[in-house]
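Student: Before we discuss any part of this model, could we go through the terms one by one and set each value against its definition?

Tutor: Gladly; here is the model to look at.

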Amino acid sequence: MASTRELTPKPPRLAFTVADPRRRLVVVVVAVVVEARRGTGRDPGVEAAGRSGFSVVLRCDFLMRRLHRRLRILILSLFSVSVLAPVLLVSFRLEHISATGRKEFLEEFSNRKFSADVWRLNSVDQEEGEGLKEPKQVIYEDNEVGSMVSYTYNKVHQSAESRGAAERTQILKRNGTTRRSAKEDEQIQHHEVPSTSRGQEKFDQIMVRQVQRGQPQEQSLSDIKVKEMKDQLIRAKVYLNFAPPGSNSHIVKELRQRMKELERAIGDAKKDSDLSRRAWQRTKVMEVSLSKASRAFPDCSSMATKLRAMTYNTEEQVRAHKNEAEHLIQLAARTTPKGLHCLAMRLTSEYFTLPADERKLANQEKARDGDLYHYAVFSDNILACAVVVNSTVAHAAEPEKIVFHVVTDSLNFPAISMWFLQNPPGRAIVDIQSLENFEWLLKKYASSMQKQNAHDPRYTSALNHLRFYLPDVFPLLDKIVFLDHDVVVQRDLTELWDVNLKGKVNGAVETCQEGDASYRRMDMYIDFTDPFVSEKFDANTCTWAFGMNLFDLQEWRKQNLTAKYGSYLQLLQEHGKPLWKAGSLPIGWLTFYNQTLALDRRWHVLGLGHESNVPPSNIDRAAVIHFNGVMKPWLEIGIKKYKGYWTKHVIYDHPYLQQCNVHE
């Protein structure tokens with residue numbers, strides 16, 4: 001019979017699935033102790049050994065956990081220091097640097113922050129080489145073109161290199177551009193931009209001349225660094241164009257990064273003083289990258305071809321933009337502003353509501369009095385006529401002796417008449433006539449005027465050429481002052497009537513002084529290659545200006561200059577090709593050839609209708625200022641700095657001007 005102990009089933013043994021070796025050892029020791037307790041005979045030695053091993057294992061586990069906890073605390077502490085230290089250093093540095101240094105530091109920090117995106121950016125759109133048209137190649141000899149630019153480039157770099165080779169080495173290492181020594185970089189840069197003694201002598205001569213003229217050398221080089229940096233961008237763009245499409249080589253990436261850095265450094269700088277110190281360092285780094293590119297693309301002929309093609313393409317674009325801008329300006333000059341058109345319509349409708357006896361201006365019986373001062377204005381612009389009349393009367397010492405003869409076309413005759421009926425110019429007399437009163441002029445010379453072949457109707461207008469018939473228009477007068485409708489009178493013109501013309505017909509201000517805003521030569525408007533012109537006229541004859549002219553009508557009739565003007569128009573009709581530019585000025589020079597007396601330049605200042613930079617002192621001293629050009633003061637394209645001289649004579653609080661939205 002089996003014993004009871006043998007029939008008792010044994011418990012299943014433990015399956016050790018614990019992954020941690022330390023925990024597995026603990027489980028083993030516990031299992032040993034349990035088995036020892038289950039034995040029939042309890043051996044004290046074995047039980048003591050189990051308890052001792054169990055305590056050792058627990059002790060080891062406790063020590064290992066403590067060690068791991070301390071290592072974890074140490075790692076977290078080091079990580080916190082690495083995160084907080086840069087923030088503290090940046091804050092400390094920003095508190096102890098100047099405004100300029102802070103700007104440079106932030107610029108450097110932003111460049112470093114976004115450096116990871118540089119490889120994905122293409123700061124310059126590469127031009128397709130096939131789309132560029134290369135100009136005709138021209139080879140210049142050495143004696144025609146000096147090397148002043150290369151000499152200037154080396155002078156700037158020598159001054160920059162004097163800051164030390166160590167600084168360059170640090171910059172290059174920090175930007176990761178190259179591992180060459182500073183001495184090698186210096187040799188590369190001087191090899192890329194050689195200087196010659198002949199270019200240096202030429203540059204020195206230019207500097208000496210500028211110093212003699214009162215221009216210091218530092219001022220003449222005030223933008224040399226900005227131009228150099230822009231030239232570097234152009235060279236880098238050319239090198240990028242040499243790379244195959246889709247190329248992502250190291251030199252392509254480097255050039256794109258350097259271009260972006262240099263563009264940021266230049267910003268909106270116009271002169272060297274606007275550049276930061278960082279910009280000068282970027283120039284050095286870019287030059288090293290360009291040296292690398294020159295070795296990667298050593299074909300100089302390809303570089304020259306590409307640069308010529310880029311230059312030609314840019315010049316063509318500039319020429320097209322200039323032509324477009326000129327066309328738009330001419331178009332704007334020919335159009336009538338909406339406000340002036342509205343004003344003419346209102347005045348015309350008001351004029352025809354008046355009875356016939358109320359449409360006449362006062363004191364018309366004195367309009368032919370030879371003892372008064374007579375001024376002629378030919379225009380179809382209401383406000384322009386009003387400004388000429390108002391400004392002349394405002395500065396006149398004896399306004400009651402002034403007579404204005406305004407001649408306009410039949411379309412604007414009612415509006416101009418109504419304006420002066422509502423706004424009489426003080427005690428001055430205004431006589432308004434229409435071109436319909438001179439039908440003989442329109443019938444006899446209309447066809448000849450059209451032969452001027454001008455696209456601008458202002459040049460072929462009868463009002464523009466009516467000035468050549470002054471003796472016929474005013475047969476009872478012996479002397480008259482002609483004023484263009486785009487002038488403003490700033491002084492009393494009484495003294496002008498006392499000028500002795502010395503047997504000449506025309507008194508005018510000359511425009512043949514070089515460097516002056518109104519400078520003109522006869523060969524600029526007249527074709528002296530034609531035998532008829534070159535035999536009868538001298539191209540070096542001094543020119544003069546229309547706009548304010550004193551005419552002796554008696555001498556004019558004696559010289560029969562109107563007939564001479566007609567013969568020139570007939571010659572133009574028979575010749576078959578234009579001999580002079582359209583307009584009244586060139587044919588006026590021929591008509592009054594050797595019949596003009598030069599007046600003092602203070603009588604008449606020109607150039608306010610275009611960008612001429614007339615000195616304010618000349619404008620303030622002038623008796624008459626002239627808005628010659630297409631930028632008239634009543635147009636939106638008028639030059640703002642000159643408009644005030646004209647607008648102060650306009651009555652902007654007039655009800656019709658306010659209703660038509662005519663304002664300054």
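This is a predicted model: local features need pLDDT of at least 70, side-chain atom pairs count only at pLDDT 80 or more; totals for chains, interfaces and linings use all residues.

Student: What makes strand 7 largely enclosed by the rest of the structure?

Tutor: Five of the five residues of strand 7 are buried, so the strand is largely enclosed by the rest of the structure. Buried means under 20% relative accessible area, exposed means over 50%, and partly exposed lies in between, with a 1.4 Å probe and protein chains only. Residues are numbered from 1 along each chain as its sequence is written, and side-chain values use heavy atoms, with hydrogens and water left out.

Student: How do you know that strand 4 and strand 7 pair?

Tutor: Two strands pair if DSSP finds at least two bridges between them, and five bridges join strand 4 to strand 7 (residues 548–552), which run antiparallel. Within strand 7, F482 has N549 as its bridge partner, and V481 has L550. The strands themselves (E, at least two residues) and the helices (H or I, at least four residues) are DSSP runs, numbered from the N terminus.

Student: Which other strands pair with strand 4 or with strand 7?

Tutor: Strand 1 (residues 373–378) pairs with strand 4 in the parallel sense over two bridges, and the partner of A376 in strand 4 is F482. Strand 6 is joined to strand 7 by two bridges, and these strands run antiparallel; here the partner of N506 in strand 7 is F551.

Student: Why is strand 4 called largely enclosed?

Tutor: Four of the five residues of strand 4 (residues 479–483) are buried, so the rest of the structure largely encloses this strand.

Student: Is L493 buried or exposed?

Tutor: L493 has a relative accessible area of 2%, and is therefore buried, although this residue lies in the loop between strand 5 and strand 6 (506–508). L493 and V481 are 12 residues apart in sequence and 9.6 Å apart in space, C-alpha to C-alpha.

Student: What makes N560 partly exposed, and what makes N594 exposed?

Tutor: N560 has a relative accessible area of 46%, so it counts as partly exposed, whereas N594, at 52% relative accessibility, counts as exposed. N560 lies in the loop between helix 22 (553–559) and helix 23 (561–575), and its phi is near 55°, a positive value in a residue other than glycine. N594 is found in the loop between helix 24 (584–591) and strand 8 (596–598), and phi of N594, near 65°, is likewise positive in a residue other than glycine.

Student: Why are helix 10 and helix 13 called roughly perpendicular?

Tutor: The axes of helix 10 (residues 224–242) and helix 13 (residues 300–334) come within 10 Å and cross at roughly 115°. Axes are lines fitted to C-alpha atoms, for helices over the stretch in contact, and angles run from 0 to 180 degrees between N-to-C directions. Angles under 35 degrees count as roughly parallel, over 145 as roughly antiparallel, 65 to 115 as roughly perpendicular and the rest as oblique; helix 10 and helix 13 are therefore roughly perpendicular to each other.

Student: How does the span of helix 15 compare with the expected one?

Tutor: Helix 15 (residues 382–394) has 13 residues and reaches 18 Å from its first C-alpha to its last, close to the 18 Å expected at 1.5 Å a residue, where the expected span is 1.5 Å times one less than the number of residues. Helix 15 is mostly covered, with 11 of its 13 residues buried, including L383, V387 and T392.
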